[in-house]
Amino acid sequence: MADVEEPKFNSLADRIAALNQQKNFTTPPSSGRRPPPPPPGAGKPSSQAPAPSANKSIPPPTPNLPARPQKPNPPSLPQRTNTSESTVKSPPILPGRDAPPPLPTRKNSAQPSPALPTRRPSAQQLRSRRGSNSSEVSHISSISNLSLNPISRTSTAPSETTQSGRRVLAPTLDVAKLPPLPPSRKEREAQAAREAAEREATEVVKAPLLSVRSAPVVPQSRPGQSPRLPSRPNNQPTHTQVDETPSANPRRLPPPPSAFVRPSTTFDSGRRPSAPGPRPRDDAPPPVPISSRPTLNQIDAVATRTTASCLICRDFSAPDNVAAQYPNHSLPRHDPVGYLANVLCGPFPSATDKARAIFTWCHHNIAYNVEEFFGKCIQHRNVEDTIFHGKAVCQGYAEVYQAIAQRAGLQCIVVGGHGKGYGYKPLRRGEPPPPRDPSGHAWNAVCIDNGEWNLIDACWGAGSVGDNKYHKQFKPQMFCLSNDLFGLKHFPSDERYFFRIDGRVLTWEEYILGPTKGEKAEFFGTATDEGVSEFTFSPAEKHVSVYSGEVVRFQFSKVCEHWVPERHGKGKSYLLLMKIHGVDGRKEDLVPLETDGFWWWTDIPARDLGAPGQTIFLYALTTLNNKDARGVTKEEYYRVKNGNGYSMSWAIFAKWELV
């Protein structure tokens, strides 16, 4: 067979068209054998084959190409630009996906669209164009007109089309209908300054009020005061007038010795009464009406009010009795803090009595945990665990007190800092203070009556530690001390919690050195139980010089001018005596102290105190001839001592060392 040149096609579409033109193109059979060639003349001759001649043999027909498998709906290909339109035919229409139904034709409406309603013309008269600084909107309100009457987006386009010819402004707001703006801060400050100036111009100047409890009574001079009336002659039989003006200091001081300069104390008096001189009779004032004098009941009422303002002399028997009725083992397990706040503070309307009841309850039910303290294994417990455990250190006392006080409605905080308690060693004279370290102790500050903040120490008020043991002993002075005296042994880490009357913030050096600037004389707690104040005795220094050549004054006072031993203490006062050793320490003696009911004092030459290295003591005579020595006077003591035989016992209040 001669080789037949296979036609060439420029594109797939041309080839598909050529295949479609062949009449004998059939799908190949399903069998795998090749079909036999078709009979001659069955196929249509190609237009390009030459006509057969008689002299030449007829070539065999071109074999038919097998049919290709049809692919599902091939995409139409783009037609080349160089393909002739006469030879290319369009491909058959392929079956496609179901097309969506055609959209309905829109009916042409002959009716015109409704016209928009005409806009109401603005009543505002348009003026000539002005600058931005003269805009009415800027002067009337800082709020935009559009924000007061917003325009929807749908109405914007018609408005622009219908009113494009001129600019229409919204009507101005009526200023009279707007609420007045609140005054600014500068206006309020200016108004307050004007009111203060008006009050100062019309207000009567009054003397400042001072606290009766802690501030001294300072006489205030009144402007334009008339001179004092002359005193009445002594020979006129009229009633003597009692000066009811309070003195600068009601506390009495003992007479100073002639050869001794009395050391300065807190209770120095700046005014002493003077004897009135003779006056002429024509200057005598008229008789004083007796009916205007106060009665004894009125005087007692004033004394009762003064005593109630003093925490030292106040009667706390009621809150102390309530605090003793609720031991910790009898408390409910559910909410013991709320239960204690109710039973301890509920019966008392006074904030001071509530604070005292909680203070006393801590003394009865919480002991100092010496095992954990000396074992250096202190465990922190919550308030409820501490209440039922019954032991704590200073932090536990303070947290329990704060929890009960706050539940009872009192303002109370825990104050941390340094305390001159167990293990504290005072500095010797000339020794520098240690570095600042306000830590290691905790106490409370509670708001009592009249809004005063009172510093208290429930831990020290419950007892003391000595010889690695806890000694339970109630110390009410840890509740009653003034904040100034409380600060002599407590230094807070936060300077806001000094709560001093004068508002001062002590430095660490002032606190460590103290008012004595050295070692302080040793003072024992038994003296406080008898109403003797450790902050008023002198000499305050521990060491007393024997060869100073002076007369040494030993003096003490009561803890408060309202203190009555029979009512606030355990009975009548003891007789106080100084134990000395004589010249060069060769003769011991007991010297009784003088007293005026508030002060005790005695003057002893320095050489008579003893020899350097010896110790002198302040004694309280407790028993005399096996009897209670309360109320024994100095005369009775000398009478018994000069007798045939006697027996005595003493309690130590203080001691000094001779140098």
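In what order do the strands of the open sheet of three strands run? Keep that in mind as you load the model, which is a predicted one.

**Stop 1: the three-stranded sheet**

Select β11, β15 and β14. The order is β11-β15-β14, and the pairing is antiparallel. Look at the edges, where β11 (551-557) and β14 (594-595) stand. Each has a single partner strand, so one side of each is left without a neighbour in the sheet. Now follow β11 along strand β15 (residues 599-605): the two are joined by seven bridges and run antiparallel. For a landmark, pick Ser-557, which stands opposite Trp-599 in β15.

**Stop 2**

Select strand β17 (residues 648-658).

- Strand β16 (residues 615-624) pairs with β17 in the antiparallel sense, over nine bridges. Click Tyr-619; its bridge partner in β17 is Ile-652.
- Strand β9 (residues 522-523) is antiparallel to strand β17, with two bridges between them. Here Glu-522 stands opposite Lys-655 in β17.
- Strand β10 (residues 543-544) pairs with β17 in the parallel sense, again through a pairing of two bridges. His-543 has Glu-657 of β17 as its bridge partner.

**Stop 3: a cis peptide bond**

Go to the loop between α17 (525-529) and β10, and pick Pro-539. What is the geometry of the peptide bond from Ser-538 to Pro-539, cis or trans? This bond is cis, with omega near 5 degrees. Most peptide bonds are trans.

**Stop 4: two cavities**

The structure holds two cavities of 30 Å³ or more.

The largest cavity has about 40 Å³ of space.

**Stop 5: the four-stranded sheet**

Move to β5, β4, β3 and β8. These four strands form an open sheet in the order β5-β4-β3-β8, with antiparallel pairing. The edge strands are β5 (453-456) and β8 (490-492), and each pairs on one side only. Turn the view along the sheet to see the twist, which averages 45 degrees from one strand to the next.

Zoom in on strand β3 (residues 412-419) and strand β4 (residues 441-447). They pair in the antiparallel sense over six bridges. Pick Gly-416 and look across to β4: its bridge partner there is Ala-442.

**Stop 6: helices against α12**

Keep α12 on screen. Two packed helices are described by the angle between their axes and the distance between the axes.

Helices α9 and α12 pack at an angle of about 145 degrees, with axes 10 Å apart. Their crossing is right-handed. On the α9 side, show Ala-355, Ile-358, Phe-359, Trp-361 and Cys-362. On the α12 side, show Tyr-397, Val-400, Tyr-401, Ile-404 and Ala-405. What classes of residue make the contact of α9 with α12? The count is ten nonpolar, no polar and no charged.

Helices α8 and α12 pack at about 65 degrees, with axes 8 Å apart. This crossing, too, is right-handed. Val-337, Gly-338, Leu-340 and Ala-341 of α8 meet Ala-403, Ile-404 and Arg-407 of α12. The contact residues divide into five nonpolar, one polar and one charged. Ile-404 takes part in the contact with α8 and in the contact with α9.

**Last stop: Asp-335**

Step back to the loop between α7 (317-323) and α8, and select Asp-335. Phi of Asp-335 is near 55 degrees, a positive value in a residue other than glycine. Most residues other than glycine have a negative phi.

Notes
Residues numbered from 1 in each chain as written. Predicted model: local features only at pLDDT ≥ 70, side-chain atom pairs only at ≥ 80, totals over all residues. Heavy atoms only, no water. Pairing = 2+ DSSP bridges. Axes fitted to C-alpha atoms, helices over the stretch in contact; angles between N-to-C directions. Left-handed = near helix turned anticlockwise from the far one by under 90°. Contact = heavy atoms within 4.5 Å. Nonpolar A, V, L, I, M, F, W, Y, C, P; charged D, E, K, R; others polar. 1 Å grid on protein atoms, 1.4 Å probe; cavity = no way out; pocket = protein on both sides within 12 Å on 5 of 7 lines; lining within 4 Å. Points joined across faces, edges and corners; volume = space filled by probe spheres on them.
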